[in-house]
Amino acid sequence: MEKKYDLEERTFNFAKNCRKYVKSLKTSIINIEDGKQLVRSSGSVGANYIEANEKLGNKDFQFRIKIARKEAKESGYWLRLLKDSNPNGSFAESLIKESIELRKILSSILNKA
């Protein structure tokens, strides 16, 4: 049986894991502020992907995919900053890799649209 690839679920898990990571960090001004940004951008990846699938037309679809890709890139940025500020960054490293993979997948979707 062929396994169905579900990008909505994958983007949901990315946002959920980013939230788990932020919750695991010690309380500091840096972690609070950068964590807020990460929570917003990581959630926007999936939200915009879902909106793209409810497209109002091809231009709307492309626009939403571009935003989702931008938010994935931004999430990687916040993850890198948080990893740099918090010595044990193995969880952050896996999330950074996922943000890169999501960005590549969204780029591929955009190129095929």
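Modeller: Start with one residue. I30 lies in helix α2 (helices are DSSP runs of H or I, at least four residues, numbered from the N terminus). This is a predicted model: local features need pLDDT of at least 70, side-chain atom pairs count only at pLDDT 80 or more, and totals for chains, interfaces and linings use all residues. Residues are numbered from 1 along each chain as its sequence is written, and side-chain values use heavy atoms, with hydrogens and water left out.

Colleague: Which residues does I30 touch, leaving out those up to four places away in sequence?

Modeller: Contact means heavy atoms within 4.5 Å. I30 touches G35, L82 and S85. The C-alpha atoms of I30 and S85 are separated by 7.8 Å, with the two residues 55 apart along the chain.

Colleague: How are α1 and α2 oriented to each other?

Modeller: Axes are lines fitted to C-alpha atoms, for helices over the stretch in contact, and angles run from 0 to 180 degrees between N-to-C directions. The axes of α1 and α2 are 9 Å apart, at an angle of about 170°. The two helices are therefore roughly antiparallel (over 145 degrees; under 35 is roughly parallel, 65 to 115 roughly perpendicular, the rest oblique). Their contact has 11 nonpolar, six polar and two charged residues (Ala, Val, Leu, Ile, Met, Phe, Trp, Tyr, Cys and Pro are nonpolar; Asp, Glu, Lys and Arg charged; the others, Gly among them, polar).

Colleague: At what angle do α1 and α4 cross?

Modeller: Helix α1 (residues 7-24) and helix α4 (residues 90-112) cross at roughly 150°, and their axes come within 11 Å. That makes α1 roughly antiparallel to α4. Among the α1 residues that meet α4 are L7, F14 and Y21.

Colleague: Is S99 buried or exposed?

Modeller: S99 is in helix α4. Its relative accessibility is 2%, so S99 counts as buried. Beyond its neighbours within four places in sequence, S99 is in contact with F14, A72 and G76.

Colleague: What covers the buried residues of α3?

Modeller: The cover includes α1, α2 (29-53) and α4. A72, G76 and W78 are among the buried residues of α3.

Technical notes:
Buried means under 20% relative accessible area, exposed over 50%, partly exposed in between (1.4 Å probe, protein chains only).
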